Amino acid sequence: MAETFCGKTCEGCPKKEILQCPGCKVGPGRQYGGDCELAQCVRGKGHETCESCTFRGNCGTLRGRDRIPDFRIRKIESEKQRNAAVAGIVPILGKWVWVLFWLVIPCTVAGLLANENFLSWAPGVYVAGKILQAVCAAVYGWILLKLTPADGAYRTAGICNLVTAVPYLLMAFLSDVEGSSLWTMLFTLPAVVVYLVAEYQECMAHSDVLTYADSILSQKWEQLWKWRIGTYVGLLGSVVLSWIIPLLGLLLMLASMIGLLVVSVLKYVYLYRTAKCFREYPL
């Protein structure tokens, strides 16, 4: 039986030592885990080697067999560069993304306490909730700034989170002022815009740093931002639609609120998976 699929001899391969190749059929050409395109083609067509294939005379893959070792060398070098790039930011990401994940608890509590319903019958609870929201936003922003060495987008996200802490404080201290609902609306609109910018920058930063470590999770962070902006567009559309068709507007608002809840849960799941990825990343 031939020692290779394409007809080359292992002993005559100048790249064998560089690649530390144990041989074609037990190395790159092995059935499971091998990356040789020629081997896959031969097996797929039910041949032992390329010699028994009727298309071998016009096969571009077979003609390029001498370039396969060079391709494998470039692939190995690329993986080394990737690992070197990721290794420099792994400790930072593993530590601070894990802290971001645990901030979920105080952020959730703050959101519940800062509900507008508390303003009328328990203003003290509402004020405490707004102050806690401000503190959480500031801490979240500070942690994102700590992640700046890993990706520049974290800086923008961190600054935006720090900015959103200001409206929360203002709404807390102006809650007992006459016309507070108007002040709340004035502060809420710009705060939402800044918040969305922060969310976008954070999602893109997570996506960028995961490009080499976990490409699937990286794509999910990009998709998460699209879902996030989609829910806010749905909320805005429900307000407009409620003026025309109240029932449809209410249904759209309900669907958007559910979507917003799902997106928030997914974000926390992705934060956990991102932190776990870098905490367990092999260096």
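## Terms and basis of the model

A residue is called buried when its relative accessible area is under 20%, exposed when that area is over 50%, and partly exposed in between, with a 1.4 Å probe and protein chains only. By this scale Phe-278, at 2% relative accessibility, counts as buried.

The structure is a predicted model, in which local features need pLDDT of at least 70 and side-chain atom pairs count only at pLDDT 80 or more, while totals for chains, interfaces and linings use all residues. Residues are numbered from 1 along each chain as its sequence is written, and side-chain values use heavy atoms, with hydrogens and water left out.

## The chain as a whole

The chain holds eleven helices and zero strands, where helices (H or I, at least four residues) and strands (E, at least two) are DSSP runs numbered from the N terminus. Of its 283 residues, 37% are buried.

Contact here means heavy atoms within 4.5 Å. Among contacts in the chain between residues at least 6 apart in sequence, 63% join residues at least 24 apart.

## Phe-278 in helix α11

Phe-278 belongs to helix α11, which spans residues 246-279. If residues up to four places away in sequence are not counted, Phe-278 touches Val-86, Val-90, Leu-93, Gly-94, Val-209, Leu-210 and Ala-213. Phe-278 and Lys-95 are 183 residues apart along the chain, yet their C-alpha atoms are separated by 8.5 Å.

## Helices α5 and α7

Two packed helices are described by the angle between their axes and the distance between the axes. For helix α5 (residues 104-113) and helix α7 (residues 123-146), the angle is about 145 degrees and the axes are 7 Å apart; the axes are lines fitted to C-alpha atoms, for helices over the stretch in contact, and angles run from 0 to 180 degrees between N-to-C directions. The crossing of α5 and α7 is left-handed, a term used if the near helix is turned anticlockwise from the far one by less than a right angle.

On the α5 side, Pro-106, Cys-107, Val-109, Ala-110, Gly-111 and Leu-113 meet Val-125, Tyr-126, Gly-129, Leu-132, Gln-133 and Cys-136 of α7. Sorted by class, this contact has nine nonpolar, three polar and no charged residues, where Ala, Val, Leu, Ile, Met, Phe, Trp, Tyr, Cys and Pro count as nonpolar, Asp, Glu, Lys and Arg as charged, and the others, Gly among them, as polar.

## The two faces of helix α2

Helix α2 covers residues 37-44, and within it Leu-38, Ala-39 and Val-42 are buried. These three lie on the same side of α2 because they cover an arc of only 100 degrees around the axis, the arc being that of the directions from the helix axis to the C-beta atoms. The face turned away from this buried side carries the exposed residues Glu-37 and Gly-44. After α2 comes Gly-46, whose phi is positive, near 80 degrees.

Arg-155 sits in helix α8 (residues 153-173) and is partly exposed, with a relative accessible area of 46%. Leaving aside neighbours within four places in sequence, Arg-155 is in contact with Leu-145 and Thr-148. Arg-155 and Gly-141 are 14 residues apart in sequence and 8.5 Å apart from C-alpha to C-alpha.

Pro-190 lies in helix α9 (residues 180-209) and counts as partly exposed at 42% relative accessibility. The C-alpha atoms of Pro-190 and Thr-164 are separated by 8.8 Å, with the two residues 26 apart along the chain.
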